[in-house]
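Here's a quick tour to go with the model on your screen. Keep the 3D view open and click along as you read.

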Amino acid sequence: MRKWAAMLLLGVLLLSSVQTVKAGTTQTTNQAQTCQGCSCINVNALLDNLTANITNLTHAIDQKKLKLEKLYEKWNTTKNTSILFEIVRLKDEIRLLTNELQYLERQKLSLQLVQNYTVETPYGRKVLNYKLPPESTIVQEHVKKVHPVRTDVDLAWFIAYYRQAAELTFTGVVQTDMRMRELLKKVEAGNYTEETIHEILTLLDRREKLWREIYKFAEEKEKLQTLKTLKETGRKQTLIGATTGVEPLAIDTGIAEGCFCSYLHCYNSYGTASPLPGVIHPLDASEAPYVYYRDFHPVAVWVGIYQSGSPDRDYFWGEYCTYEFPQTGTDFRKYWDEAVNIHPGSQFQDFGSIQIKLFYNGWAYNPNEGNQLQESNIIWQVECNKYGCWVVTNYLKPLSNPDVPHYYEYYKLYTNTPYLSCCGCGDIGNTCKWANRHCGGCFAPDQARSQNFAICTREEYGDQCGWDWVVKW
């Protein structure tokens, strides 16, 4: 079943009023004659555009922070709970803008690395291999920061680690928000004490700390991904000659490896559509509208392996990917058995866990784009240990028939945007798209550079909505 999906594919956190950078290319007549595709994009022009957008966005955030300071002054004077609610609302607005700002800052960092380690030629950008730090030096630097649970690590491992650390830290954000909203409901009902108010303020501070950690992890991932791509591209240029433009190399082993695009490859091709209607926290599922998918089909399965009873960023051991989907909504034992087989430690079976993501690629109608059809992924998530598998709060349990295409169905979504990397090759063909890069693969593209997780509420979906066991062994 997986082979037909692979053949088919080979053939084919956050809304903001601030526009994403859409810089054009500037080429001389000579460059236009010799450069291919988008290898002649003007990096300096892109950096200028990014800097301008960052400046505007920073100003908008600073203005809201001034309002927030005044609200805190009023709160300290009056202790009026209506002001507390206004503080929470304004902090949420600042968070949305800050998420977009941090995304642009990471893109700027990536471009600065490209600028530092490449030189523009009439044939495109050439990587200056002699300037790039050795992979062993980069790895040792991050070993000291992370203290990984295994010793045989490389750049790819750290890229996966930082990605997972950010995602699992976001789970902490969700849990913090859930508790805070419970307390806010008590305040709204007049059923609160000083301890209730103190806990809300403490949770607001905790949420800020968690977001700072997420930004740190995301920045490290972006930096390492860019350096890894530069090294791979530089090696290829050395092999096939310096007169060839920058064209990345696909490797067809295991999950078909993708090619990183960044801003030097097909920058304007994708990532320009608005995200599908959704919510920025799974716990807000009751507020999410239904999105109509015309169709979607299975693409790839990602499995993260952890040396802890449930997925924990500090115990991330590794990952693997496969085209083999579950045959039923409870067919997950094979992923656990494979993780046990891969992990060399005898105690993993008793104390370890895995996280599974089922990636689908499809097309959905987007009301934010005039109800036009838009290439959009959709993802289901499951977690397992020696006792069985479960789905976390507000995530929808897997489909009863997950290994086949689905047509004309409605879903509520948690949209994680902007998140994806621009990459090509792999399972999405040779055109650059905003797509997932788990296991170095390139699959489940999304025109809004988003990950769309299927979510739910108990009121609407009953026992098909987590928190609950999917299967016990």
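N394 sits in the loop between β8 (388–391) and β9 (406–416). This is a predicted model, and in it the phi of N394 is near 70°, a positive value in a residue other than glycine. Most residues other than glycine have a negative phi, and most peptide bonds are trans.

**Helix packing: α3 with α4**
- Two packed helices are described by the angle between their axes and the distance between the axes.
- For helix α3 (residues 43–78) and helix α4 (residues 81–117), that angle is about 160°, and the axes are 9 Å apart.
- Angles over 145 degrees count as roughly antiparallel, so that's the label for α3 and α4.
- The crossing of α3 past α4 is left-handed.
- What sort of residues make up the contact of α3 with α4? They split into 22 nonpolar, 10 polar and 10 charged.

**Helix packing: α4 with α6**
- α4 also pairs up with α6: their axes cross at roughly 150° and come within 11 Å.
- α4 is therefore roughly antiparallel to α6.
- This crossing of α4 and α6 is left-handed.

**A salt bridge within α4**
- E86 and R89 are both in helix α4, three residues apart, which is about one turn of the helix.
- Their side chains meet in a salt bridge, at 2.3 Å from N to O.
- How many salt bridges does the structure hold? The count is 27.

**The second largest pocket**
- The volume of the second largest pocket comes to about 560 Å³.
- It is lined by 28 residues, and the closest to its centre are A156, W157, E319, C439 and G440.
- Which elements each supply at least two residues of that lining? Look at α6 (155–188), α7 (194–240) and β5 (316–322).
- Sorted by class, the lining of this pocket has 12 charged, 10 nonpolar and six polar residues.

Terms used. Residues numbered from 1 in each chain as written. Predicted model: local features only at pLDDT ≥ 70, side-chain atom pairs only at ≥ 80, totals over all residues. Heavy atoms only, no water. Axes fitted to C-alpha atoms, helices over the stretch in contact; angles between N-to-C directions. Helix = DSSP H or I, 4+ residues; strand = E, 2+ residues; numbered from the N terminus. Parallel < 35°, antiparallel > 145°, perpendicular 65-115°, else oblique. Left-handed = near helix turned anticlockwise from the far one by under 90°. Nonpolar A, V, L, I, M, F, W, Y, C, P; charged D, E, K, R; others polar. 1 Å grid on protein atoms, 1.4 Å probe; cavity = no way out; pocket = protein on both sides within 12 Å on 5 of 7 lines; lining within 4 Å. Points joined across faces, edges and corners; volume = space filled by probe spheres on them. Salt bridge = Lys/Arg side-chain N within 4 Å of Asp/Glu carboxyl O.
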